[in-house]
Amino acid sequence: MAALLNILLSVVALGSVLEGAVGFNCSSEIALKKDLMDGYRTTVRPVANDSDIITINIDVLPRQIMNLDLESQSMEVKVWIKQQWEDENLTWDPDECLGITEFRADPTTIWRPDLYTFTEIETMLNQILPSTDAEVD
């Protein structure tokens with residue numbers, strides 16, 4: 001199954017400020033975003049405690065059927081995958097920040113969950129474990 005991965009990201013204020021997260025420069029959306037992203041690490045799960053769980057909501061939206069094979073009972077589909085989760089490192093109090101409740105972020109600048117489609121996994125496994133011939137006597 002082919003997947004067109006289109007991640008629409010909108011960072012939303014949760015109405016609460018994390019401990020130590022006071023003193024943001026809220027003079028504009030740009031200033032707030034700069035303060036929030038300063039020191040942000042994309043490789044670290046965005047939780048206050050390592051034992052915390054991140055709930056990820058996933059929507060798969062079919063966009064186009066590329067191929068339908070009735071004989072093999074398979075089809076190739078392009079889909080949009082929308083992911084949503086709470087990033088505890090990107091929270092602020094909108095009342096203290098000019099009522100700013102969200103901003104857009106480049107997906108490569110924030111933590112993202114590891115999500116793979118079956119086809120991607122199959123491709124990776126084929127690269128790691130190439131098929132071999134075996135002889136059994």
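Biologist: Are Trp 92 and Phe 103 buried or exposed?
Modeller: This is a predicted model: local features need pLDDT of at least 70, side-chain atom pairs count only at pLDDT 80 or more, and totals for chains, interfaces and linings use all residues. Residues are numbered from 1 along each chain as its sequence is written, and side-chain values use heavy atoms, leaving out hydrogens and water. Buried means under 20% relative accessible area, exposed over 50%, and partly exposed in between (1.4 Å probe, protein chains only). On that scale, Trp 92 and Phe 103 are both buried.

Biologist: How many aromatic pairs are there?
Modeller: Rings of Phe, Tyr and Trp (its six-membered ring) pair if their centres lie within 6.5 Å; planes under 30 degrees apart are stacked, over 60 edge-to-face, and the rest tilted. By this rule the aromatic pairs number two.

Biologist: Which geometry do Trp 85 and Trp 111 adopt?
Modeller: Their centres lie 5.6 Å apart. The angle between their planes is 90 degrees. The pair is edge-to-face.

Biologist: How many residues apart are Trp 85 and Trp 111?
Modeller: Trp 85 sits in the loop between β3 and β4 (102-104). Trp 111 is in the loop between β4 and α2 (118-128). The pair links distant parts of the chain, and the two are apart by 26 residues.

Biologist: Which class of pair do Trp 92 and Phe 103 make?
Modeller: The ring centres of Trp 92 and Phe 103 are 5.6 Å apart. Their planes meet at 25 degrees, so the pair is stacked.

Biologist: What separation in sequence does the pair of Trp 92 and Phe 103 bridge?
Modeller: Trp 92 lies in the loop between β3 and β4. Phe 103 is in strand β4, so the pair ties together parts whose separation in sequence is 11 residues.

Biologist: Which residues have the most contacts inside the largest nonpolar core?
Modeller: A nonpolar core is a set of buried Ala, Val, Leu, Ile, Met, Phe, Trp, Tyr and Cys residues joined through side-chain atoms within 4.5 Å. The largest has 15 residues. Those with the most contacts inside it are Leu 32, Leu 36, Trp 92 and Ile 110.

Biologist: Which residues does Leu 36 touch?
Modeller: Contact means heavy atoms within 4.5 Å. Residues up to four places away in sequence are not counted. Leu 36 then touches Phe 24, Asn 89, Leu 90, Thr 91, Trp 92 and Phe 103.

Biologist: What pattern does the protein follow along the sequence?
Modeller: Helices (H or I, at least four residues) and strands (E, at least two) are DSSP runs, numbered from the N terminus. The protein has two helices and four strands. Their order is β-α-β-β-β-α.

Biologist: With which side chain does that of Ser 74 make a polar contact?
Modeller: Ser 74 is in strand β3 (residues 74-84). Its relative accessible area is 37%, so Ser 74 is partly exposed. A polar contact is a pair of N or O atoms within 3.5 Å; within protein, one must be able to donate a hydrogen and the other to accept it, and residues adjacent in sequence count only if both atoms are side-chain atoms. At 2.8 Å, the partner is the side chain of Ser 72.

Biologist: What is the phi of Gln 73?
Modeller: Most residues other than glycine have a negative phi. Gln 73 is in the loop between β2 (57-69) and β3. With 73% relative accessible area, Gln 73 is exposed. Its phi is positive, near 55 degrees.
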